[in-house]
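This report looks at one protein structure.

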Amino acid sequence: MVPNAVLHDTKGAETAMSAFRGHPVLIDFWATWCEPCMQELPVIGMIDEATQKTKLVIIGIDWDKNLKDGTKWLDQNGYNWDNFGEVAEGPRLFAQILPTTILIDKNGIIRYYSEGSTPALSKALVEAVKNLGPEYAAALKNSEIS
């Protein structure tokens with residue numbers, strides 16, 4: 001199970017991970033200065049676009065010093081998911097390096113975890129999302145990662 005970490009947005013509003021219960025959540029730990037993160041973002045963007053009609057929630061956990069910089073970068077590059085920072089106090093999520101990608105099912109169980117970015121990991125991530133259920137498999141049926 002995922003700890004009930006508290007995240008904050010660019011305005012300082014806090015959201016607990018428990019707010020996402022009942023929805024699968026794809027969490028991307030990233031930063032604008034992280035080259036492997038930049039390689040992984042198009043795959044997450046493709047998943048986001050393909051699964052718009054599902055209940056999948058995609059969130060970024062930004063390690064940039066200024067959360068507004070990362071959020072602005074995402075917006076400028078057409079990535080539309082919410083971007084958060086972690087609150088320093090209390091439970092934290094699992095990332096030790098960038099990028100780290102975690103897929104949590106609707107019950108809060110981790111179904112995919114990876115550190116780094118390679119084509120093999122990108123393919124595995126797409127397969128993990130497909131395995132969330134028939135609606136996800138159908139949404140991603142024509143999505144190939146080369």
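## Around helix α2

The model described here is predicted. Just after helix α2, G78 has a positive phi of about 80°. The helix itself runs over residues 67-76. At its start, a side-chain oxygen of N66 comes to within 2.9 Å of the backbone nitrogen of K68.

Four residues of α2 are buried: L67, G70, T71 and L74. They lie on the same side of the helix, because they cover an arc of only 100° around the axis. K68, K72 and Q76, on the other side of α2, are exposed. What do the buried residues of α2 pack against? Their partners are the strands β1 (6-8), β3 (25-30), β4 (57-62) and β5 (82-86), together with helix α1 (35-50).

## T101 in strand β6

T101 belongs to strand β6, which spans residues 100-104. Is T101 buried or exposed? T101 has a relative accessible area of 0%, and buried means under 20%, so T101 counts as buried.

The side chain of T101 makes a polar contact of 2.6 Å with the side chain of E40. Leaving out residues up to four places away in sequence, T101 touches L26, I27, D28, E40, Y112, Y113, S114 and L125.

## P36 and P99

P36 is located in helix α1. P36 is partly exposed, with a relative accessible area of 33%. Apart from neighbours within four places in sequence, P36 is in contact with P99 and S117. From P36 to G133 there are 97 residues in sequence and 29 Å in space, taken between C-alpha atoms.

P99, one of the contacts of P36, is in the loop between β5 and β6. The peptide bond that leads from L98 to P99 is cis, and its omega is near -15°.

L56 sits in the loop between α1 and β4. With a relative accessible area of 12%, L56 is buried. Which residues is L56 in contact with, leaving aside its neighbours within four places in sequence? They are P24, V25, L26, I47, T51, L103, V129, L132 and Y136.

P24 is 32 residues away from L56 along the chain, and the two C-alpha atoms are separated by 5.1 Å. Among the contacts of L56 are P24, L132 and Y136. P24, L132 and Y136 are also among the residues closest to the centre of the largest pocket.

## The largest pocket

Empty space left between atoms can be found by rolling a probe the size of a water molecule over them. The largest pocket holds about 220 Å³ of space. It is lined by 13 residues, and those closest to its centre are P24, D105, K106, L132 and Y136. By class, the lining of this pocket has five charged, four polar and four nonpolar residues.

## The two cavities

How many cavities of 30 Å³ or more does the structure hold? There are two. The largest cavity has about 100 Å³ of space. Of the 15 residues in its lining, V2, M17, R21, I104 and G108 are the closest to the centre. The lining of the largest cavity consists of six nonpolar, six polar and three charged residues.

The second largest cavity has about 40 Å³ of volume. The largest share, three residues, is from α3. Sorted by class, the lining of the second largest cavity has five polar, four nonpolar and one charged residues.

How values were computed: Residues are numbered from 1 along each chain as its sequence is written. This is a predicted model: local features need pLDDT of at least 70, side-chain atom pairs count only at pLDDT 80 or more; totals for chains, interfaces and linings use all residues. Side-chain values use heavy atoms; hydrogens and water are left out. Buried means under 20% relative accessible area, exposed over 50%, partly exposed in between (1.4 Å probe, protein chains only). Helices (H or I, at least four residues) and strands (E, at least two) are DSSP runs, numbered from the N terminus. The arc is that of the directions from the helix axis to the C-beta atoms. Contact means heavy atoms within 4.5 Å. A polar contact is a pair of N or O atoms within 3.5 Å; within protein, one must be able to donate a hydrogen and the other to accept it, and residues adjacent in sequence count only if both atoms are side-chain atoms. On a 1 Å grid over the protein atoms alone, a cavity is a set of points where a 1.4 Å probe fits but cannot get out, and a pocket is an open set with protein on both sides within 12 Å along at least five of seven lines; lining residues have an atom within 4 Å of a point. Grid points are joined across faces, edges and corners, and a volume is the space filled by probe spheres set on the points. Ala, Val, Leu, Ile, Met, Phe, Trp, Tyr, Cys and Pro count as nonpolar, Asp, Glu, Lys and Arg as charged, and the others, Gly among them, as polar.
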